[in-house]
Amino acid sequence: MDTKVPSALANKMLAALPHADYEALSTHFSIVPMKQGTLLFDVDHEVDQISFPLSGMVSLLVVLKNGNAIETATVGREGVAGAMAGLGLHKSRVRAVIQLASTVARIPAPLFRKAAASSPAVSNLCIRYNEALLAQARISAACNLSHSVEARFCRWLLQSRDRAESDIVPLTQEFLSEMLGVRRTSVTEVAIKMQEAGAISYSRGVIKIVHLQTLKDISCECYETLREEAPH
């Protein structure tokens with residue numbers, strides 16, 4: 001049985017579109033499961049597919065000249081990766097990677113551009129979500145500069161929990177160190193502290209949130225700020 005149309009509606013942005021606009025897009029969707037670590041598009045590469053997450057999480061990373069990358073924003077069921085290609089920004093300025101195993105509804109960029117050109121609702125979707133991503137990037141930059149690794153670690157886990165919609169988050173320390181822009185040893189030290197505080201348990205690349213309030217208490221205010229800034 002074909003379940004593409006109801007599956008795509010799991011994305012909150014698509015579900016919020018007027019019916020006619022959604023139907024025009026949905027005929028072109030491919031529903032694709034994606035493993036953690038899959039590259040959606042890279043810096044200075046053309047965005048050839050627009051991806052609407054139906055589950056999981058996408059990380060958007062700025063890549064430095066030395067090859068190091070740091071996360072500036074995340075995309076879950078509330079959003080879309082690559083939407084600005086619909087308004088003519090063909091090449092990406094960030095790297096987009098599947099951070100938590102996901103299922104996405106994908107549409108070829110030329111078809112999405114055609115839809116955006118003929119539909120104010122779709123073009124407004126691109127603009128609004130780009131503004132939300134810029135807000136995330138500003139908050140993340142301030143957080144990275146101002147707050148401790150412990151607070152940022154907890155903020156990031158809380159974000160991941162929201163995106164995964166689960167207290168169990170499959171994340172290696174290596175992945176976390178890249179997302180937070182710190183050494184792996186720093187992540188190890190923080191993970192041990194959080195386990196000792198009773199906030200999490202960690203084993204074989206899987207983090208389980210044991211006490212949510214403890215995690216919130218240690219996290220910086222950026223978690224709540226990001227939640228307030230997120231599209232609703």
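How many of the residues in strand 7 (residues 102-108) are buried? The count is 5 of 7, so the strand is mostly covered, where buried means under 20% relative accessible area, exposed over 50% and partly exposed in between (1.4 Å probe, protein chains only). What you're looking at is a predicted model, in which local features need pLDDT of at least 70 and side-chain atom pairs count only at pLDDT 80 or more, while totals for chains, interfaces and linings use all residues. Residues are numbered from 1 along each chain as its sequence is written, and side-chain values use heavy atoms, with hydrogens and water left out.

**The big picture**
- The C-alpha trace spans about 55 × 40 × 30 Å along its principal axes.
- Of the 232 residues, 47% count as buried.
- Take the contacts (heavy atoms within 4.5 Å) with a separation of 6 or more: residues 24 or more positions apart account for 75% of them.

**Strand 7 and its partners**
- Two strands pair if DSSP finds at least two bridges between them.
- Strand 1 (residues 30-34) pairs with strand 7 in the antiparallel sense over 5 bridges, and here Pro-33 stands opposite Thr-103.
- Strand 3 (residues 49-53) also runs antiparallel to strand 7, joined to it by 5 bridges; Pro-53 has Val-104 as its bridge partner there.

**The nonpolar cores**
- A nonpolar core is a set of buried Ala, Val, Leu, Ile, Met, Phe, Trp, Tyr and Cys residues joined through side-chain atoms within 4.5 Å.
- The largest one holds 38 residues, and the members touching the most others are Leu-25, Phe-29, Ile-50, Phe-52 and Phe-112.
- Helix 5 (residues 120-146) gives this core its largest share, 6 residues.
- There's also a second, separate core of 27 residues, with Ala-69, Cys-154, Phe-175 and Val-187 among them.
- Leaving aside residues up to four places away in sequence, Phe-52 touches a list of residues including Phe-29, Thr-103, Val-104, Ala-105, Ile-107, Phe-112 and Leu-125.

**A look at Asn-130**
- Asn-130 sits in helix 5.
- Its relative accessibility is 26%, so Asn-130 counts as partly exposed.
- Gly-82 is 48 residues from Asn-130 in sequence, yet the two are 9.3 Å apart in space, C-alpha to C-alpha.

Terms used: Helix = DSSP H or I, 4+ residues; strand = E, 2+ residues; numbered from the N terminus.
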